[in-house]
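Please find below a note on the model under review. The points are numbered and may be read beside the sequence and the coordinates.

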Amino acid sequence: MGERSDRAAKRGYRLSRRAFLMSTSAAALAAACAPAATGGNAASSAAATTAAAAATAGPALKIGQLLPFTKVYAELGNSMKRSTDLYLKLKGNKLANRPVTVIYEDEANDPQVGLAKTQKFIDQDKVDVMLGVVATPIAYAIRNAVDSAKMIYIATNAGGNALTRTTTDCKPSCKSPYIFRTSFSSYQISEPIGEYLAGKKGVKEVFTFVADYGFGTESQADFTTGFTKNGGKITGSLKAPLGSADYVPFVTQLKAQPTKDIYSFFSGADAVKYIQAWNQLGLPAAGYRMNGAGFLTEQDVLAVVKDLANGAITSLFWAVELDNPENRAFKDAYQKEYGRLPDVFAVEAWDGMQALDQALQATKGDTSDKQKLIAALEAVKFNSPRGAFEFDKDTHNPIQDIYMREVKTSGGQTVNTITDKIGRVTDPGK
Amino acid sequence: MTFEDALQQALNGLSFGALLFILAAGLSLIFGMMDVVNLAHGAFYMLGAYVALSVTQATGSFWVALVIAPLVLALVGLVVEPLLIRRLRGRHLDQVLVTIGLSLVIADFIRLRDDWGWGATVRSLPLPAGLDRSIPIAGSDYPTYRLFVIAFGAALAVLLSVLHRRTRAGALVRAGVGDAEMLSALGVDTDRLFTLTFAIGAGLAGLAGVVAAPVFGLQPGMDVDALIYSLIVVVVGGLGSLSGAVAGSAVVGPADTFGKVLFPQFALALIFAIMALVLLFRPTGLLGRVRIGR
Amino acid sequence: MLVRATIVFVAWAALVTFPQWSGSWESSRFAAGVIRQVLIFAIFASSLNLLVGYAGLPSLGHAAFFGGGAYAAAIAAQRLGTDQLVVSLGAAVAGGALLALVIGFLAVRALGVFFLMLTLALAQMVFAIAFQATDLTGGSNGFSSVHRPVLFGLDFAAASDLYVLVCVVFLFVGLLLWRVTTSSYGRALVGVRENERRMRALGYDTRALKLSAFVFAGALAGVAGALSSYEFRFVSPNDVALGTSVAGFVMVLIGGAGTLVGPILGAAVVLLIERVLPSELPAQSVLGIVFIGFVVFARQGIVGAVRRVVRA
């Protein structure tokens, strides 16, 4: 972190200095102009207004962001931090007129560390709200801690179904009035594409191939639910250990079975190796078609595999190409600040801040009355870069549109082209 | 499984084994010569892959990277050995322990260097031109790069074996494995010999980084995966000998591949079980000279 | 002797009453949580120290028994439908010891670095099982909502009560280790470390000695694992992973192998770097450099360095 955080710190310092210069020069300008117009009196009234504005600025708002900055998901954490910083910068570092301090902690992709840092947010930093967490097990691990501390926590990536569901004995996790989620549940990115393939695309049979861990298994089950609901048949399944060194043996097996449509859940490095092996063994030419939950072909993967992923159909709640005013504005701002396009993780973190912002506006910045803040969050509605966003009041999982995307390459750019949309998908909640 | 599928998987297992051999060769060499299990081997491998990434991006050539990355890593070895390993001569365990610390630092260094295009993002080393296509074998397409890997692994094994048996350096190495003190008494500069050995071992890790990266990819955590695979290979094959590394990779590669195919629910544990079995029945490893204990 | 015992007892009394006398501090609650974690990892590191520091067995797979104990405690409590401390802690001790017996049986035949590699690889096998046996362990999602235990009428659900439990177990383990290391058995272990051949010539069954130490250390690591499952109410494959084994090793070496206090100090230093200091700090680099520094310049760890200063 050394270099990066140094730079970040310097940037923060520069920013605050710039902000300071701007505000002082604005005051000076006002002071300089005012006497010319109405004489000395106005100068003092201008000063009084400034003082009044300072006085009405609420107490500092402390936000704890628990993100991975080391280990395998570090880049996801970096992206979410960039998005958070940008949001606050554009809001003049204030939410509902309260100046904001964000404390970033590294969950190091370890539930124990994540929980220890959560306890730090609660007991030591006494943050007003908490956001973040990339890996589902960490969200499950901190669930009881935030629930019993009545700490409002907005999950900004972890997508395990159980986090916003009613489950027996709360295993592996369960919903809490204090937990909201601005990302997705694995149901939302897996079930609709099952319905869609069987229904709209008329696919009769699918073979599933997923990463052998909690999330992959969940995605496979949810896809199966959707696909069989519309009359599709699952002909078989295969799992690869998460982080397998070599995907060729698995893809050899895919090719050795006759079903041409494959549904997959992989992300990051696993997705890259899978797609490379898929092409090296000539599956496209042999008539096989790749389908999957959206992370299979997100930007981090496409940046590496490029046109090798052409033709893959995946479902997600966002795509960088999504054409709406909010997404355009978001992309422009992000690109301008960081010189690169935002990714889906940036959107999740952005919406976490946006939901919090809007709820705080409703409570006039009050975070002490938890029930009031929960009610305000439940009532939040806004247009996100992903489209219309609101929380399901029952589960606190988002109600959101799910887009069907096809990977296409034109002019050297490989992108997820949106081909269809399934409106207002809600997690069943149990 | 049809015969064609079995043939394909055998080929997969063979090429995976070849990659494992390239991966484990440096670890085996350093151990055989210096009695040091270099637990930074995985980190050296990772560093080699990232250096190769930068070189490939700068020059556009995989082949340049194949030369440069091992050299850079050999240089790292040349610095590390006198700085950390030599001063702990005679304290074998401590020599191993400093390499743990070293591996933590190297992996973290790579994560922090996103200004070099490294960092924590998923990266991949593109396949070299000419080896990026597939050819039909046994009724199905097969990637030429994996065939290249098999050939490369075999060539490396032959080359190392010739160097080992036919050259003066090889003679010193063979003598060093037998008795370093005797060598020193005979007036050989063992400091230089060990530094050189360590550098070559590190260079081999870097070489593995270049050759394996197009298949295994570049991401945080790749160092630990590579280290564990190479440890298993050298333990199964027999520590500290070239033929042991060959035998180990020839067993572990296909066993891991077929294991994943036939018993996917045990995929992760399988290679460790193989290792435990081998040790139970042959405590020296398949071709080892040294018993690991009594 | 009496002086020493008095110092230890006073220090422990101060520790166990920390939440009371620090109650007015703003950070008291957080600090108490950190102390609980430090003590849990101190038990873990101390158990490893018995192997590394006394018996000369450099195990790099000790997390298998820590995580194994944590899973055993959580699973036993769930399956048997009880929160009794004796059940879950007993299961953890048995689980840690049993795993150590199996791994130790294969590993104690090996020497030095061979032993290190074998324990590393065999522990990875335990990790693989924890990760893939979803029905038993919860797999990658972890084992959640572990209940905090009760001992007959005493309930350790509240953090303040758990604090007392951890302190008591810590003291018990500390005294046990002190007793063991100063016994003839402990001296025999040191003898094996110093010169195994000689010990065999003297008629000791050195392999049995080493295996017994390995199993004993595994059982104690299981105790630490059980406490960790109460503390975090969560067990994940990370608790069995290589990173945890390495952390334990680093704790022992930084603190001072072969001393009773060293691993406790080492646990405090490592947890401070990894969990308390701000995340801007590149924890892994810092740990790596500190570790190298101690191995090269102060092999006797913090305790050794302090002794040198005191003597000088």
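1. Two residues are in contact if their C-beta atoms, placed from the backbone, lie within 7 Å. On that basis, residues 24 or more positions apart account for 74% of the contacts in chain B with a separation of 6 or more. For chain C, 75% of the contacts between residues at least 6 apart in sequence join residues at least 24 apart.

2. The model is a predicted one, in which local features need pLDDT of at least 70, side-chain atom pairs count only at pLDDT 80 or more, and totals for chains, interfaces and linings use all residues. Residues are numbered from 1 along each chain as its sequence is written, while chains are lettered from A and ligands numbered from 1 in the order in which they are written.

3. Chain B has 11 helices and 2 strands; helices (H or I, at least four residues) and strands (E, at least two) are DSSP runs, numbered from the N terminus. Read from the N terminus, the elements of chain B follow the order α-α-α-α-β-β-α-α-α-α-α-α-α. The C-alpha trace of chain B spans about 60 × 50 × 35 Å along its principal axes. Its radius of gyration is 19 Å, which agrees with the value near 19 Å for a compact globule of 294 residues. That radius is taken over C-alpha atoms, and the globule rule is 2.2 Å times the number of residues to the power 0.38.

4. Of the 294 residues in chain B, 58% are buried. A residue is buried if 20 or more other C-beta atoms lie within 10 Å of its own, exposed if 12 or fewer, and partly exposed in between, with C-beta atoms placed from the backbone.

5. One residue of chain B deserves a separate point. B:Gly77 lies in helix α3 (residues 62-85) of chain B. B:Gly77 counts as buried because it has 27 C-beta neighbours inside 10 Å. Apart from neighbours within four places in sequence, B:Gly77 is in contact with B:Phe198, B:Ala199, B:Gly201, B:Ala202 and B:Gly203. B:Ala202 is 125 residues from B:Gly77 along the chain, yet their C-alpha atoms are separated by 5.5 Å.

6. Chain C contains 15 helices and 2 strands. Its C-alpha atoms fill a box of roughly 55 × 50 × 40 Å, taken along the principal axes. Buried residues account for 57% of the 312 residues in chain C.

7. Which residues have the most contacts inside the largest nonpolar core? They are C:Ile43 and C:Val223, in a core of 352 residues. A nonpolar core is a set of buried Ala, Val, Leu, Ile, Met, Phe, Trp, Tyr and Cys residues joined through C-beta atoms within 7 Å. If residues up to four places away in sequence are not counted, C:Ile43 touches C:Phe170, C:Val173, C:Leu220, C:Val223, C:Ala224 and C:Leu227.

8. Between chains C and B, 33 residues of chain C are in contact with 37 residues of chain B. On the chain C side, α6 (112-132), α12 (242-255) and α14 (283-297) each supply at least two residues, and α6(C) gives the most, with 14 residues. By class, this side has 25 nonpolar, 6 polar and 2 charged residues. Here Ala, Val, Leu, Ile, Met, Phe, Trp, Tyr, Cys and Pro count as nonpolar, Asp, Glu, Lys and Arg as charged, and the others, Gly among them, as polar.

9. Between chains B and A, 30 residues of chain B are in contact with 30 residues of chain A. The elements giving two or more residues to the chain B side include α1 (3-34), α4 (92-112) and β2 (140-143) of chain B; α1(B) gives the most, with 5 residues. By class, this side has 12 nonpolar, 12 polar and 6 charged residues.

10. In chain A, 6 strands form an open sheet of mixed pairing, in the order β2-β3-β1-β4-β5-β6. Two strands pair if DSSP finds at least two bridges between them. Strand β4 (residues 129-132) and β5(A) pair in the parallel sense over 4 bridges. Both faces of β5(A) (residues 152-155) are covered: A:Ile152 and A:Ile154 on one side and A:Tyr153 and A:Ala155 on the other are all buried.
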